[in-house]
Amino acid sequence: SAQNEARAAGNDEIRPEHLVLGLLREPDGLAAQAITAQDVQLDAVRQAVARVLPPAADELPELVPFDTAARKVLELTFREALRLGHNYVGTEHILLALLELEDGAGVLAGLGVDKATSEAHIGSAVAAILAAHEQESS
């Protein structure tokens, strides 16, 4: 979906901001929930990202490539999943990776989205999901 976001903006590279927009496409995902749990509206994030996207390019490649920073986010995404002991990669790991890359100075941080708070919210959400699954199977 970052590919779609980059294309929609007419950008010839996928940047971390496009990954953020991709997360907003899944309002039920843990990443979006962690953002709204911090009193940040998804629309506010969308608007803040729109302000920092580069101008549209004249031509777009068939497959829009990831820029260096976006590739770093993907690398960090797997690291976050491993660090939390999760055997899957979800929107929540992408959010934590984006916040790690921003290091307090980016679109999300500027809106008040904090990595530690996000991680705490994700931890309790994952625990609640696991508990619900255990009850269903017992």
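**Entry 1: Glu92**

I started with Glu92, which is found in helix α6. The model is a predicted one. I looked up whether Glu92 is paired with an opposite charge: Glu92 is buried yet has no salt bridge. The nearest side chain of opposite charge belongs to Arg83, 12 Å away. I then checked for a polar partner and found Tyr88, whose side chain is joined to that of Glu92 by a polar contact of 2.7 Å. Leaving aside neighbours within four places in sequence, I list Leu30, Ala31, Ile122 and Val126 as the contacts of Glu92.

**Entry 2: the core**

Next I looked up the largest nonpolar core, which has 34 residues. Which of them touch the most other members? I noted Ile35, Val45, Val49, Leu95, Leu98 and Leu108. I also noted the helices that each supply at least two residues of this core: α1 (2–9), α2 (16–24), α3 (30–36), α4 (42–52), α5 (68–83), α6 (91–102), α7 (107–110) and α8 (115–137). In soluble globular proteins, nonpolar side chains tend to be buried together.

I took Val49 from that list for a closer look. Not counting residues up to four places away in sequence, Val49 touches Glu17, Val20, Leu21 and Val107.

**Entry 3: salt bridges within a helix**

I have a count of 9 salt bridges. I looked up some of the pairs.

Asp43 and Arg46 form one of them, with their closest N and O atoms 2.7 Å apart. The two residues are separated by about one helical turn, because they are 3 residues apart in helix α4. Asp43 is partly exposed, at a relative accessible area of 47%. Arg46 also counts as partly exposed, at 35% relative accessibility.

Glu75 and Lys72 form another, with an N to O distance of 3.6 Å. I find these two 3 residues apart in helix α5, so about one helical turn separates them. For Glu75 I have 42% relative accessibility, which counts as partly exposed. Lys72 is partly exposed too, with a relative accessible area of 34%.

**Entry 4: a salt bridge between helices**

Where do the partners Lys115 and Glu100 lie? Their salt bridge has its closest N and O atoms 2.6 Å apart. Lys115 is in helix α8 and Glu100 in helix α6, 15 residues apart, and the pair links distant parts of the chain. Glu100 counts as partly exposed, at 36% relative accessibility.

I followed the shared partners from here. Salt bridges join Glu80, Arg83, Glu100, Lys115 and Glu119 into one network.

Methods
Residues numbered from 1 in each chain as written. Predicted model: local features only at pLDDT ≥ 70, side-chain atom pairs only at ≥ 80, totals over all residues. Heavy atoms only, no water. Core = buried A, V, L, I, M, F, W, Y, C linked by side-chain atoms within 4.5 Å. Buried < 20%, exposed > 50% of the residue type's maximum accessible area, 1.4 Å probe, protein only. Helix = DSSP H or I, 4+ residues; strand = E, 2+ residues; numbered from the N terminus. Contact = heavy atoms within 4.5 Å. Lys, Arg positive; Asp, Glu negative; His and termini not counted. Salt bridge = Lys/Arg side-chain N within 4 Å of Asp/Glu carboxyl O. Polar contact = N/O pair within 3.5 Å; in protein donor to acceptor, adjacent residues only side chain to side chain.
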